[in-house]
Amino acid sequence: TALDGASARYLVRRNNTPWSDFAAPVSAGRSAAINAVAVSGNDVFVGGTYSTIGGRPMNNIARWNRTSAAWSMLGTDTANGVNGDVYAIRVLGDRVFVGGFFGVAGNVPARNIASFSISQQRWEALAESSDPSREGTDGAVQALAVDPAMGSVYAGGAFTIAGADTVLGMAQVKTGTQEWVKIDDALDVPY
């Protein structure tokens with residue numbers, strides 16, 4: 001595939017110059033896809049459906065450092081990324097929030113939404129509870145937005161439960177307390 005004459009395989013970049021390839025093949029057979037990109041400082045977080053990027057095993061999310069021009073995983077060799085599709089990525093401070101359709105982040109049970117601490121290099125579920133069935137959402141998280149002033153992350157998607165609340169495809173997570181907050185009548189669309 002090409003974009004304006006540049007070779008392109010799933011991911012390209014532009015920096016006041018013509019388009020160029022990341023020189024990092026993405027693969028997961030014929031089903032590989034990039035669905036989300038977020039930038040924070042020198043880091044570019046890339047999510048989608050893939051098993052390797054840049055020739056290294058990366059489970060559906062990876063970080064590209066623009067200074068070192070190197071790919072790195074989110075997590076450890078044996079517990080990196082998520083075990084399903086990534087549809088949305090947002091960064092708030094030290095945390096990378098990831099939404100999609102998955103059940104595990106790193107080695108942590110996490111239903112469709114999780115966060116990764118850059119400084120601690122570990123995954124966390126949202127919202128932590130003594131009952132794992134009350135974490136995350138019951139369907140795919142397809143959009144994320146962050147509100148730094150409120151310390152909140154907003155999630156949207158094809159779900160009707162967030163934490164323990166019945167919702168209509170949209171909910172808020174307070175990042176300090178990991179508490180899910182229902183947004184009344186977000187969408188009047190049955191799923």
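Four strands make up an open sheet, ordered β12-β13-β16-β17, with antiparallel pairing. Strands β12 (85-92) and β17 (122-125) each have a single partner strand and stand at the edges, so one side of each has no neighbour in the sheet. From one strand to the next, the twist averages 25 degrees. The model is predicted. Its chain has 23 strands and zero helices.

**Chain totals**

- The chain has 191 residues, and 43% of them count as buried.
- Its accessible surface comes to about 9400 Å². Carbon and sulfur atoms hold 51% of that surface.
- Among contacts with a separation of 6 or more, 33% join residues 24 or more positions apart.

**Strand pairing**

- Strands of a sheet pair through backbone hydrogen bonds, either parallel or antiparallel.
- D85 stands opposite F101 of β13.
- Strand β6 (residues 33-40) pairs with strand β7 (residues 43-49), again in the antiparallel sense. This pairing also runs over seven bridges.
- A33 faces T49 of β7 as its opposite residue.
- β6 and β7 form a hairpin, with two residues between them. G41 lies in the turn and has a positive phi of about 60 degrees.

**Salt bridges**

- Side chains of opposite charge can pair when their charged atoms come close.
- Across the whole structure, a search finds three salt bridges.
- One of them joins D43 and R63, with the closest N and O atoms 3.8 Å apart. D43 lies in strand β7 and R63 in strand β10 (residues 61-65), so this pair ties together parts that are 20 residues apart in sequence.
- Both D43 and R63 are buried.
- E124 and R95 meet through their side chains in a salt bridge of 3.5 Å, N to O. E124 belongs to strand β17 and R95 to strand β13, so the pair ties together parts 29 residues apart in sequence.
- E124 also forms a salt bridge with R122. The closest N and O atoms of E124 and R122 are 2.9 Å apart.
- E124 counts as buried because its relative accessibility is 15%, under the 20% cut-off. R95 also counts as buried, at 17%. R122 counts as partly exposed, at 42%.

**Nonpolar cores**

- The largest nonpolar core has 18 residues. I61, L74, I89, V96, V98 and W123 touch the most other members.
- Strands β6, β12, β13, β16 (113-117) and β17 are the elements that give two or more residues to this core.
- β12 supplies the largest share, three residues.
- Beyond its neighbours within four places in sequence, V96 has contacts that include F45, L74, I89, R90 and V91. V96 is also in contact with A114, S115, F116 and I118.
- A second, separate core has 15 residues, among them L126, V141, A162 and A171.

- Most residues other than glycine have a negative phi, and most peptide bonds are trans.
- A69 is not a glycine, yet has a positive phi of about 55 degrees. A69 sits in the loop between β10 and β11 (70-73).
- A69 is partly exposed, as its relative accessible area is 46%.
- Q121 is not a glycine either, and its positive phi is about 55 degrees. Q121 lies in the loop between β16 and β17.
- Q121 is partly exposed, with a relative accessible area of 35%.

Definitions and conventions
Residues numbered from 1 in each chain as written. Predicted model: local features only at pLDDT ≥ 70, side-chain atom pairs only at ≥ 80, totals over all residues. Heavy atoms only, no water. Pairing = 2+ DSSP bridges. Axes fitted to C-alpha atoms, helices over the stretch in contact; angles between N-to-C directions. Salt bridge = Lys/Arg side-chain N within 4 Å of Asp/Glu carboxyl O. Buried < 20%, exposed > 50% of the residue type's maximum accessible area, 1.4 Å probe, protein only. Contact = heavy atoms within 4.5 Å. Areas by Shrake-Rupley, 256 points an atom, 1.4 Å probe, with all protein chains shown as cover. Core = buried A, V, L, I, M, F, W, Y, C linked by side-chain atoms within 4.5 Å.
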